[in-house]
Amino acid sequence: MAESFVLNTGARIPSVGLGTWQIEHEAVCSAIYAAVKAGYRHINTAVAYRNQKEVGVALKKLFEDGVVKREDLFITSKLWPGNHAPEDVQEDICSALEDLQLNYVDLYLIHGPIRIKKGSMFIPDNLIRTDIPATWGAMEKLYDSGKARAIGVSNFSCKKVEDLLAVARVPPAVNEVECHPVWQQAKLRKLCQSTGIHLSAYSPLGSPGSPGYCGPSVLSNPVVISVAEKLQKTPAQIALRWGLQMGQSVLPKSADETRIKENFDIFDWSIPEDLMAKFSGIKQVRLLKVEFVIHPQSGYNSLEDLWDGEV
Ligand code: A2P
């Protein structure tokens, strides 16, 4: 199994990236350091995770210590939902780059089809309607400038991807979405494959215990457990390996060195076809519905509306 996938820009995205959402400030540096030493070359971050500065400190230390070179890492960051106005997008990436102590990111994403008023907190009363074509135009300029070597989206449904493709000069390279055996995104994966957009999976372990997530556990799913037992792997390794074999990059979060290593030990074995087939029988449930966005000001009147029926 390839350790990377090729994007529509021609660049490669490493197939396993360290997710940094919910890593506590004081644990970020050691988690990133441990991940890179274990072989990770892809770090997924965002200003919304509130620990991007610490990510920057960790990267600086890795470069200074000679553990890895900048050009061998793939760094993803995301546009803050309060900076969707075209005139704010450039400033947004400059501030992300300052935090990260970098002069470019490998991938910059619109964090979601969700917008808040500029300078406001991420609470329902501050929601406003998106204007994705206008925001995307400014994202394209970031791509032209080289500050973002690829641009993409996150949390976009099939309809929202299609609407964007209809107006984009630079097509999105990536759509980063919730994806794991319990929410496999079959329809979206098919669309992304046919349009050359790489699907990247956040919450590939189902984000056990995370706020906002509700529904069945991925790691205790009977299919995941039975495949793990047959192959003598952990349920987390099975969920991640399933993702790679489906053609998506996976972004597991962990702050624990043992689990960081475990989550990367998925390259020299595979899930045979007969066992892969069993995943198609798993009941599908979106675990992160993002209900708080359903609000008169956001323009989303229901979850159906937000996810365009994919819920
Ligand atoms: P921890 O940071 O203590 O390792 P996701 O990547 O789907 O968002 O899931 C992240 C959650 O899964 C975190 O709570 C993380 O906890 C936990 N986790 C990460 N790796 C593993 C693993 N190999 N086995 C069990 N839980 C894991």
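Asparagine 155 counts as buried because its relative accessibility is 11%. Buried here means under 20% relative accessible area; exposed is over 50%, and partly exposed lies in between, with a 1.4 Å probe and protein chains only. Asparagine 155 sits in the loop between strand 9 and helix 5. Helices are DSSP runs of H or I with at least four residues, strands are runs of E with at least two, and both are numbered from the N terminus. Its phi is positive, about 65°, although asparagine 155 is not a glycine.

A word on the ground rules. This is a predicted model, so to speak of local features we need pLDDT of at least 70, side-chain atom pairs count only at pLDDT 80 or more, and totals for chains, interfaces and linings use all residues. Residues are numbered from 1 along each chain as its sequence is written, and side-chain values use heavy atoms, with hydrogens and water left out.

Next, a neighbour. Histidine 111 counts as buried, because its relative accessibility is 18%. Leaving out residues up to four places away in sequence, histidine 111 touches Ala46, Ala48, Tyr49, Lys78, Leu79, Ser154 and Asn155. Contact means heavy atoms within 4.5 Å.

Another positive phi. Valine 290 has phi near 60°, and it is not a glycine. Valine 290 lies in the loop between helix 10 (273-278) and helix 11 (303-306). Valine 290 is buried too, at 14% relative accessible area.

Eight strands form an open sheet, in the order 3-4-5-6-9-10-11-12, and the pairing is parallel. The edges are strand 3 (18-19) and strand 12 (249-250), each pairing on one side only. Two strands pair if DSSP finds at least two bridges between them. Strands of a sheet pair through backbone hydrogen bonds, either parallel or antiparallel.

Helix 3 lies across strand 5 and strand 6, at about 135° to strand 5. Axes are lines fitted to C-alpha atoms, for helices over the stretch in contact, and angles run from 0 to 180 degrees between N-to-C directions.

Helix 4 next. What does helix 4 pack against? Its buried residues meet strand 5 (74-79), helix 3 (86-100), strand 6 (107-110), strand 9 (151-154) and helix 5 (158-167). The buried residues are Ile132, Thr135, Trp136, Ala138, Met139, Glu140 and Leu142. Helix 4 covers residues 132-145, 14 residues, and at 1.5 Å a residue it should span 20 Å; the end C-alpha atoms are 20 Å apart, which agrees. The expected span is 1.5 Å times one less than the number of residues. Glycine 146 follows helix 4, with a positive phi near 85°.

Finally, the whole chain. It has eleven helices and twelve strands. The radius of gyration is 18 Å, close to the 19 Å of the globule rule for 311 residues, so the chain is as compact as a globular protein of that length. That radius is taken over C-alpha atoms; the rule is 2.2 Å times the number of residues to the power 0.38. Of the 311 residues, 56% count as buried. Among contacts with a separation of 6 or more, 71% come from residues 24 or more positions apart.
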